[in-house]
Structure formats: structure tokens, C-alpha cells
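Biologist: I am new to this one. Please take me through a single part of it, closely and briskly.

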Amino acid sequence: MTNLPFSLAIRTVGALLLALVVAHGAHAERADRLKPLTIQADQGGQLDLQRQVVVFTGNVVVTKGTMVIRAGRIEVRQTPDGYDTAVAFGTPGQPATFRQKRDGVDETMAGQAERIEYDGKADVVKFVNNAAVRRLRGATPADEISGNLITYDSTTDVLSVTGGATRSATNPDGRVRAVLIPREGSDAASAAVPLRLSPALAASAPGGAGSGAGKP
């Protein structure tokens with residue numbers, strides 16, 4: 001990682017917990033919690049009475065204010081006290097994706113994983129299996145964290161990653177990985193090598209190939 005001005009790679013021993021506090025002290029859009037949850041899908045919803053959950057399949061898009069989740073299948077339920085929960089599943093070769101604007105700054109949290117779990121009451125999002133989350137400054141990728149399980153607590157603006165990433169040719173040891181870009185406006189930031197979005201996150205961005213309704 002010699003091309004990055006400031007990077008951190010940590011080898012996992014058993015269950016490793018890395019907490020990354022997102023910079024600037026901003027939080028996810030506060031008004032999102034009060035917005036209705038809307039769902040679009042290629043196929044109609046199916047009510048599972050035994051599990052008390054509605055299942056949507058086929059290029060599903062869930063929105064709640066600035067929060068957008070895209071997936072091949074999403075299970076949605078509402079708790080007795082009125083809060084929404086959702087579990088999104090990617091398809092082979094196409095992970096589920098998540099985006100949400102941060103309050104008061106031109107920044108967005110964007111993530112992807114094989115499964116994404118949203119808890120509306122706790123304002124927590126979990127990215128499960130082959131997970132990666134990035135903070136975007138405008139449309140430019142900034143900090144990045146990847147691992148097997150990433151938990152994003154939008155009330156405290158803390159990202160926690162547990163367990164190593166899936167072993168691959170570029171990460172044969174299955175390490176947890178975090179890349180921290182220098183603070184915007186600093187001398188170091190002007191010399192930083194910009195990160196690049198993954199194809200899935202690029203497609204989920206506004207104006208991207210998958211930004212239309214029904215595209216994951």
C-alpha cells in the first residue's frame with residue numbers, strides 16, 4: 001500500500017475488532033428516521049404470515065429519506081413499536097448496496113456486502129460477508145474499511161469491523177483492511193492518491209448505471 005498517503009492494514013487473530021470513527025463529527029441525516037420507508041421491485045411482495053415479514057424480489061430498491069438499499073431480495077418487517085427493519089440479499093456476482101447522506105456535510109456513506117441488515121430503531125446497519133464501506137466526499141471516495149462483518153452505528157458515527165475479509169488473490173491472508181485518507185483541505189490531502197469505487201458502488205451512485213428504480 002505504498003501508493004496511499006496514509007493506510008492501515010491489520011492482520012486478524014481470532015475475532016478482531018477495529019473501530020473507525022468517521023471524521024468531522026457529522027452523522028447520518030437525522031430527518032431520515034422520520035421519513036416513510038418505500039419499496040420498489042420487479043415482482044410483487046409476498047407476505048410470510050408465519051415469520052411476519054414481507055419479501056420483495058427482483059431488483060429491489062428500498063428508500064427512507066436519503067438512505068437507499070438495493071438488492072436482489074429484501075425482507076421487510078415492522079416492529080410492534082413502529083420501527084422498520086430490513087434484510088437485503090445480493091445475487092451471485094452482485095452484492096447488496098447501501099447509501100446514506102451524512103448530516104451537514106457533502107458526504108455520503110456507501111457500502112456493499114452479500115447481506116445488509118438495517119435496524120431502524122437502533123439506526124444501525126450491518127454489512128455481512130465480503131463487506132466494504134466507504135465515506136465519499138461529494139463523488140470522491142475517501143476512507144474505506146473492509147472485512148467479514150462491518151457495523152455502522154449512524155447515531156455515534158462509528159464503524160466497527162469484526163473478522164477478516166474473504167481470502168482472495170489480492171488479500172491472500174484474509175486481513176481486515178482500513179484506508180484513511182488525510183482530512184480534506186490539509187497539505188497531505190493535496191498529494192493523496194484518490195480511491196476508486198467498486199463497480200457495485202459506482203452503479204448504485206446517483207446517475208450510475210444502477211441508479212434508476214429497480215436497479216440494484
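Which residues of the largest nonpolar core touch the most other members?

Modeller: This is a predicted model, in which local features need pLDDT of at least 70, side-chain atom pairs count only at pLDDT 80 or more, and totals for chains, interfaces and linings use all residues. Residues are numbered from 1 along each chain as its sequence is written, and side-chain values use heavy atoms, with hydrogens and water left out.

Now the core. I69, I74, F98, I116, F127 and I150 touch the most other members, out of 26 residues. A nonpolar core here is a set of buried Ala, Val, Leu, Ile, Met, Phe, Trp, Tyr and Cys residues joined through side-chain atoms within 4.5 Å. Strand 6 (residues 67-78) gives the largest share, 5 residues. Strands are DSSP runs of E, at least two residues, numbered from the N terminus. In soluble globular proteins, nonpolar side chains tend to be buried together.

Take I69. Leaving aside residues up to four places away in sequence, I69 touches V60, V61, V62, I74, A88, T97, F98 and Y118. Contact means heavy atoms within 4.5 Å.

Next, the rings. The count comes to 1 aromatic pair, with ring centres required to lie within 6.5 Å. F98 and F127 form that pair, at 5.7 Å centre to centre. Their planes are 80° apart, which is edge-to-face (over 60 degrees). F98 lies in strand 8 (residues 96-101) and F127 in strand 11, so the pair ties together parts 29 residues apart in sequence. F98 counts as buried, at 1% relative accessibility; buried means under 20% relative accessible area, with a 1.4 Å probe and protein chains only. F127 is buried too, with a relative accessible area of 1%.

Key
Buried means under 20% relative accessible area, exposed over 50%, partly exposed in between (1.4 Å probe, protein chains only). Helices (H or I, at least four residues) and strands (E, at least two) are DSSP runs, numbered from the N terminus. Rings of Phe, Tyr and Trp (its six-membered ring) pair if their centres lie within 6.5 Å; planes under 30 degrees apart count as stacked, over 60 as edge-to-face and the rest as tilted.
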